[in-house]
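Have the structure open while you read.

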Amino acid sequence: MSDQLLKIRGLKIEGRSDETWNPIINGVDLDLNKGEVIGLIGESGAGKSTIGLASMGFTRDGVRISEGSVVFDGVDLVTASAADKRALLGSRIAYVAQSAAASFNPAHKLIDQHTEGPTQHNVSSRSESQSDGIELYRRLRLPNPEEIGFRYPHQVSGGQLQRAMTAMAMACRPDLIIFDEPTTALDVTTQIEVLASIRDIVEQFDTAAIYITHDLAVVAQMADKIKVLLKGDEVEEADTRTMLSAPTQEYTKSLWAVRSFERPAKPAVISGSTPVVSVKNVTAAYGTVDVLHDVSFDIHEGRTVAVVGESGSGKSTTARCITGLLPPRIGHVEFDGQQLPLDYRKRDKMQLRQAQMIYQMADTALNPRKTIGETIGRPVEFYLGLKGREKRKKVGALLEEIELEPTQYYDRLPSELSGGQKQRIGIARALAAEPKFIICDEVTSALDQLVAEGILKLLAKLQDQLGLSYMFITHDLATVKAISDEVVVMKDGVVVEQGEKADMFQPPHHPYTDLLLSSVPEMDPDWLDNLLEARGVDNIGDAAVDKM
Amino acid sequence: MSGLLRIIVQRLLLGLVTLFVVSIIIFVAVNALPGDFAREILGQGATEESVAAIQKQLGLDRDPLTRYLDWLSGAIRFDFGIPLSQAMFAGNFGSTAIVDVKTVVQQIEPRLYNTLFLAGLSAAIAIPLAVTLGVLTALYRNSAFDKIMNVSTLSAISSPEFFLAYILILFLAVLNPIFPSLSNINPDLSWGELVERSMLPALTLTLAVTAQMMRMTRAAIINLLASPYIEMARLKGLSPMRVIIKHALPNALAPIITVIALNLAFLITGVVVVETVFVYPGIGQLFVDSVKIRDIPVVQACCLLFAAVYILLNLTADILSIVSNPRLRHPK
């Protein structure tokens, strides 16, 4: 029992909305020993982050702990005074947030934020904690550990910031660190590096950790035991290997099964047929800097081309060139064999209508003040010229196509829909123009896996029914595997490899494709160890990318 | 840093263009004032001949474009001519009086100095007070202290300035004679005497400008409290005061600086009521007096000065806001 560090009993948490308190967490228990790592997993709304923060005795505005106890090393953080809690926070319990870019103060240098904890908690002097910070940066394999701390957050890349934040959490050598989705915002190749660093340092200092994530494969690498959550309730808890190999609950099994969706291969393209969209030697620039270099690929009727790459690789810029939002500097785009005007303002209604877009953030892509009927009705009226009853009928038919009951949803506002439903509205809006071609820009990356799978299935069904062609922009190789027919791999604005999906997932690959593929975490707890052994610690992440 | 320098030069040039446009508006507006100097000075019994004579003597009979260009070319050289009132006396009393004639610049200069002194004194009290109160009300938001401060500063800003002035006179000059109720200042006074005599108008102005700056400081800070880096600072176990001063305030500077600049401009250009109540010889009084007698050169020079103050202070605020952003100070 002396090993017990954190003991949560009967934790109930409520959130305020519309003047009433609604339950978010309905009585969760959690035990954590010194040096142990527990993974909390679940979909959005499961209450993972809320529990993570509550284990620091902290709740966000409009959220309160209504019942239960959070005992950290003998102190109940629920009843402890604010001053007592402050003495523990940062010094014995630390937090690593999801977005390091947003969680570092933009006004101060990294090292100043690093030394703030130790000096304020009287753990060490400024100069001591500064040299310790540099040592931690070195151990976390940050480039230029001597110098990187003296930069401002915006001068450092996302993956490096995430490691600097882990170093900051380590500054007072806490007993417990809460990692709240620390790699979710990162590219796969960067993710590995951060995962390896976090795991190393947690082991070195024998720190206990709560690792919150929605990615099962990630948690499999990091945690000793896993707790699955659903809507504020515990589904089950077991040690990592047991949980992966033999989950007992249906819900857990359904989470495990998501990755298996894969649509059957389509017949090959008839050679000589005219592609729907053809990108011809496109070079494009923002300002004076070229960001795309000689990009060419074709998209044929009824087929899905996945454009894959990490952030900054030029995927979305390519989409902007196709839609004419960013006229290419060199090259052009053909539609059904006809060259399109470079600038969308010079395209006629018919040309505009044929290419539609669905966006990553359905939240921000829908006007919050327009009802669903108005949002979908607008392109119906604009492109098809339908009005009044006919328009309403068409919108109703579109809603049926995206599997939402027209009478129920026609007059709703976006705020009354779930994330997946909003994305379906985005699909219906694109379909309203009756296009031949749709660009899907990371349409599932903001969604939970189960919901994302539903969207992918819907897109596949629509493609079969309407003969649509998709350009599917994504950084997620599981999505590529699930939906694409052909794959275009991009890096730094250049197409490094393209071809049929089946060929892409079979060796031999272009080295970058190989790096991308092998960087996707797998549901095997030994995956990270094996990978590090195979590649060596200095040959993962940014370092490996830079060597290309 | 060269990027910043370029921005400053750009803004300065833009400010000059603005000032030129404003000069046209001023000239047109002032000339649209009903009545003119000649009729004003000659009174009811003026004959058309005498009016015409005076207008000819002062050059007011020339066409507007010539007069504007004449005025503009003078303004560029900081030569705003001679006040009409001075010119009249010169004409009436012969050549001996010309020695005493003061140019517009000479008339404005001491007044401007007085006004800048009063504005500086008020700002020295009001800005630290407002920012401190803003930080404290943000720290203890929704507490009784917060509500009392909000209500009292809002009451102060909503009351007419002369009313505030008389209240201060009543309490700080009549009932408790701490400060003189008349701000009778002249260049021979020592610094201490200047401050003492200017204290009541400065306090009145402080009451008039504190509310806005305080509320902006409070709002700008509270706006940031939901951001992830503030949550991070709290989760590091820092004291609430440190979270606000060290983590929120540096990121809230831009809007605060803008409001401070606007209030400084008000302190320089909008204080005529306070000057009148305390008989303070500032530029506001000179301006109003000149409008009364249609002393066009003085009015135009004052207007142009006010416009320049606004433009310069806003420019300074813009540049300081840019400098307060670490992304612009330390590019990648």
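Chain B is split by the domain assignment, which comes from an automatic or database source, into domain 1 (2-92) and domain 2 (105-292). Taken over C-alpha atoms, the centres of these two domains of chain B are 33 Å apart.

A word on ground rules: this is a predicted model, where local features need pLDDT of at least 70, side-chain atom pairs count only at pLDDT 80 or more, and totals for chains, interfaces and linings use all residues. Residues are numbered from 1 along each chain as its sequence is written, chains are lettered from A and ligands numbered from 1 in the order written, and side-chain values use heavy atoms, with hydrogens and water left out.

Now for where the chains meet. With contact meaning heavy atoms within 4.5 Å, 22 residues of chain B and 26 residues of chain A take part. About 2,400 Å² is buried between them, 58% of it from carbon and sulfur atoms; buried area here is the accessible area (1.4 Å probe) lost on putting two parts together, summed over both. On the chain B side, Met232(B), Leu235(B) and Lys236(B) lose the most area to chain A, together 29% of what that side buries.

The rule finds three salt bridges across this interface, each a side-chain nitrogen of Lys or Arg within 4 Å of a carboxyl oxygen of Asp or Glu. One of them pairs Glu116(A) with Arg242(B), the closest N and O atoms being 2.8 Å apart. Helices (DSSP runs of H or I, at least four residues, numbered from the N terminus) giving two or more residues to the chain B side are H10 (228-235), H11 (240-248) and H16 (326-329). H10(B) gives the most, with six residues.

Finally, two side chains that are buried, meaning under 20% relative accessible area (1.4 Å probe, protein chains only). Ser91(A) sits in the loop between helix H2 (82-88) and strand E6 (93-96) of chain A, strands being DSSP runs of E of at least two residues. Thr210(B) belongs to helix H9 (residues 191-224) of chain B.

| Residue | Relative accessible area | Backbone oxygen reached by side chain |
|---|---|---|
| Ser91(A) | 9% | Ala87(A), 2.6 Å |
| Thr210(B) | 5% | Thr206(B), 2.5 Å |

Leaving aside neighbours within four places in sequence, Ser91(A) is in contact with His121(A), Cys172(A), Arg173(A) and Pro174(A).

Definitions and conventions
Buried means under 20% relative accessible area, exposed over 50%, partly exposed in between (1.4 Å probe, protein chains only). A polar contact is a pair of N or O atoms within 3.5 Å; within protein, one must be able to donate a hydrogen and the other to accept it, and residues adjacent in sequence count only if both atoms are side-chain atoms.
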